[in-house]
Amino acid sequence: MRRPLNPVIPYPNEAIQHTRGRQVEKVDRWIDRCADDTQKRRLSAGARRDLDARLHIIAGHVGDVQAAAGDATRWTQWAAGMWAGLTFLEDCRNTCPAYFRGLHWHNLLKTLTTLCNALEKVDPQIAEIGTRVYERAA
């Protein structure tokens, strides 16, 4: 009997799906709290201009992800985007202590670090690609 070319991977059982869903809800709350923290502070015109330029570069990467030809390339680009996000979050922790305060920031960093470490084990090149995205935008 021949093996299938693309083996079918079963969905996890309902209990695992429920647990993962709850984790996603927690991460969403942390992201919302971090966003609230950054919205409370006013930026100078120069800082706003710099931030807009960086976000434009990141938006270009998102466009690359959406335009990627195959699922594997799209996944690699998405994972590299997560790595770039982790690098930006670490950068914020190290250079912007006025923003990076509270358990929600640390929980978000810990969760994103765990995700990126797992993604890197699947495809080691995401760290290189994600770092290049960060460097272009930083």
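This is a predicted model: local features need pLDDT of at least 70, side-chain atom pairs count only at pLDDT 80 or more; totals for chains, interfaces and linings use all residues.
The average pLDDT of the protein chain is 85, and 93% of the residues score at least 70.

**Overall form and confidence**

- Read from the N terminus on, the elements of the protein chain follow the order α-α-α-α-α, and the C-alpha atoms fill a box of roughly 65 × 35 × 20 Å along the principal axes.
- The protein chain has 138 residues, of which buried residues make up 25%.
- Among contacts in the protein chain with a separation of 6 or more, 68% are between residues 24 or more positions apart.

**The largest pocket**

- Rolling a probe the size of a water molecule over the atoms shows where empty space is left.
- The largest pocket has a volume of about 1800 Å³, and of the 44 residues that line it, L55, G85, F88, L89 and W105 are the closest to its centre.
- The elements that contribute two or more residues to this lining are α1, α2 (45-67), α3 (71-95), α4 (103-122) and α5 (125-137).
- By type, the lining of the largest pocket divides into 27 nonpolar, ten polar and seven charged residues.

**Helix α1 and D37**

- Helix α1, which covers residues 14-39, has 26 residues and reaches 37 Å from its first C-alpha to its last, close to the 38 Å expected at 1.5 Å a residue.
- The buried residues of α1 are V27, W30, C34 and D37, and what covers them includes α4.
- D37 has a relative accessible area of 18% and therefore counts as buried, because the cut-off for that class is under 20%.
- Not counting residues up to four places away in sequence, D37 touches Y99, R101, H104 and W105, and W105 is also one of the residues closest to the centre of the largest pocket.

- Q77 lies in helix α3 and is buried, with a relative accessible area of 18%.
- Leaving aside neighbours within four places in sequence, Q77 is in contact with H61, V65 and I129, and I129 is listed among the buried residues of α5.
- W83 also lies in helix α3 and counts as buried, at 14% relative accessibility.
- Once neighbours within four places in sequence are left aside, the contacts of W83 are C116, E120, I126, A127, G130 and T131.
- The C-alpha atoms of W83 and I126 are separated by 7.0 Å, although these residues are 43 residues apart along the chain.

**Helix α5**

- Helix α5 has 13 residues and spans 19 Å from its first C-alpha to its last, which is close to the 18 Å expected at 1.5 Å a residue.
- The buried residues of α5 are I126, A127, I129, G130, V133, Y134 and A137, and they pack against α2, α3 and α4.
- Among these buried residues of α5 are I126, A127 and G130, each of which is in contact with W83.

Terms used: Residues are numbered from 1 along each chain as its sequence is written. Side-chain values use heavy atoms; hydrogens and water are left out. Helices (H or I, at least four residues) and strands (E, at least two) are DSSP runs, numbered from the N terminus. Buried means under 20% relative accessible area, exposed over 50%, partly exposed in between (1.4 Å probe, protein chains only). Contact means heavy atoms within 4.5 Å. On a 1 Å grid over the protein atoms alone, a cavity is a set of points where a 1.4 Å probe fits but cannot get out, and a pocket is an open set with protein on both sides within 12 Å along at least five of seven lines; lining residues have an atom within 4 Å of a point. Grid points are joined across faces, edges and corners, and a volume is the space filled by probe spheres set on the points. Ala, Val, Leu, Ile, Met, Phe, Trp, Tyr, Cys and Pro count as nonpolar, Asp, Glu, Lys and Arg as charged, and the others, Gly among them, as polar. pLDDT is the predictor's confidence in each residue, from 0 to 100. The expected span of a helix is 1.5 Å times one less than its number of residues.
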